[in-house]
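Subject: Structure handover

Hello,

Here is the structure for your files. My notes follow below it.

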Amino acid sequence: MQYIPNIKRYQEMKYNRCGNSGLMLPALSLGLWHNFGDVEIYEHFRETIWAAFDNGITHFDLANNYGPPPGSAESNFGKILKQDLTSHRDELVISTKAGYLMWDGPYGEWGSRKYLIASLNQSLKRLGVDYVDIFYSHRYDPNTPLEETMRALDFAVKQGKALYAGISNYPAAETKKAAEILRNMGTPCLIHQPRYSMLDRWVEPELLDVLEQEGMGCIAFSPLAQGLLTNRYLKGIPEDSRAAKPHGFLTQEQITPNVLNKIQRLNRLAKLRNQSLAQMAIAWLLKDKRITSVLVGASSSEQLRNSLQSLSNLNFSEDELKSIDIILND
Ligand SMILES: NC(=O)c1ccc[n+]([C@@H]2O[C@H](COP(=O)([O-])OP(=O)(O)OC[C@H]3O[C@@H](n4cnc5c(N)ncnc54)[C@H](OP(=O)(O)O)[C@@H]3O)[C@@H](O)[C@H]2O)c1
């Protein structure tokens, strides 16, 4: 089928400046961790990419190991890019990462220059592009000098294989150090990608302040807690859900009675706001101006369209915020 992008695609989306950089990112970005590997149906997820682009989502987030099998999300996205979006490459911000296990032996994970540069070259081939827009160190490596990892990111940028450098999952103190090292090399750290949702608020005590001080953007991953903060699990575990899939990272053990109780109560609150739980969970993150973008996943174009509607109500009353905190702290 031939894809013709929606000509009104830039009318509804909000674009936020990423830290102190020149780069604007959509308030909602799409991640390809799950649902875009070879185990899924190509024509089905191709439609999700279309729905994203048609609604102003310009940012697509990948990593070397996304699949399964690892690497297949990048290959599949590369195929869609070639089939449907070639003439729109300059309208897209494509990111990839290296840090987790990708191949056997001592050079297939963590933060060495050896691994990061080899992995980026592999990613470019799978994606079928000359450069990615953002290249991330996917996790902090306590056994590699931070200078080496940051020098590898700086090298990728200076080589033109990445336009910007980013870090993901770095604790607050290491984020500060990484930002300083990169700044001194003349390659500012554009962005941090931490996990952040109503059910996981580890970024709040320190990290968000560090990002603001360093002039870095923040893109929150797993904002729906992998599907927990949606209507998916309100009435059990659906067969086609992430928690039911053998390769899903959400396990059934994570769906505890306490979590279910919170979800039910949050869902009631979302209804009072005329939102789905997913929409409220996304809006709740975007209320903080330090959040540049919320990085959602989606197993269908319908889910993504539902999440996109969060943007039409991002305001919370003091009472609503208090009620949410009470539920989350229970
Ligand atoms: N840097 C890192 O270390 C890291 C780690 C994890 C993720 N990420 C990035 O963050 C992205 C998003 O992560 P995630 O997939 O865990 O995000 P998420 O948005 O928290 O969860 C996505 C899942 O929620 C469900 N869902 C989404 N929208 C829905 C809606 N409107 N209504 C009902 N259910 C809905 C779907 O579950 P079902 O599949 O069950 O339908 C979907 O697969 C990843 O793709 C990746 O790019 C980065």
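**Around the ligand**

Helix α9 gives the most to the shell around the ligand, with three residues. Helices (H or I, at least four residues) and strands (E, at least two) are DSSP runs, numbered from the N terminus. This is a predicted model: local features need pLDDT of at least 70, side-chain atom pairs count only at pLDDT 80 or more, and totals for chains, interfaces and linings use all residues. Residues are numbered from 1 along each chain, as its sequence is written.

Strand β10 (293–296) and α9 each supply at least two residues of that shell. There are 31 residues around the ligand, and Gly 31, Trp 33, Gly 227, Thr 230 and Gly 297 come nearest. A residue counts as near if its C-beta atom, placed from the backbone, lies within 6 Å of the molecule or strand in question. By class, the shell has ten nonpolar, 18 polar and three charged residues. Ala, Val, Leu, Ile, Met, Phe, Trp, Tyr, Cys and Pro count as nonpolar; Asp, Glu, Lys and Arg as charged; the others, Gly among them, as polar.

**Overall chain**

The protein chain has ten helices and ten strands. Its C-alpha atoms fill a box of roughly 50 × 50 × 40 Å, taken along the principal axes.

**Helix packing**

Back to α9 (residues 301–308): α1 (residues 42–54) packs on it at an angle of about 25°, with the axes 8 Å apart. Axes are lines fitted to C-alpha atoms, for helices over the stretch in contact, and angles run from 0 to 180 degrees between N-to-C directions. The two helices are therefore roughly parallel to each other. Angles under 35 degrees count as roughly parallel, over 145 as roughly antiparallel, 65 to 115 as roughly perpendicular and the rest as oblique.

On the α1 side, the contact is made by Glu 47, Thr 48, Ala 51 and Ala 52; on the α9 side, by Ser 301, Leu 304 and Arg 305. Two residues are in contact if their C-beta atoms, placed from the backbone, lie within 7 Å. The α1–α9 contact divides into three nonpolar, two polar and two charged residues.

A second pair is α3 (residues 113–127) and α4 (residues 146–158), whose axes come within 9 Å and cross at roughly 30°. That makes α3 roughly parallel to α4. Arg 113, Leu 116, Ile 117 and Leu 120 in α3 meet Glu 148, Thr 149, Arg 151, Ala 152, Phe 155 and Ala 156 in α4. This α3–α4 contact has six nonpolar, one polar and three charged residues.

**Backbone points to check**

Most residues other than glycine have a negative phi, and most peptide bonds are trans. Where are the exceptions here? The peptide bond from Gly 67 to Pro 68 is cis, with omega near -5°. A cis peptide bond also joins Pro 68 and Pro 69, with omega about -5°. Pro 68 is found in the loop between β4 (59–61) and α2 (72–85). Ala 225 is not a glycine, yet has a positive phi of about 50°. Ala 225 sits in the loop between β9 (217–221) and α7 (257–272).

Best wishes
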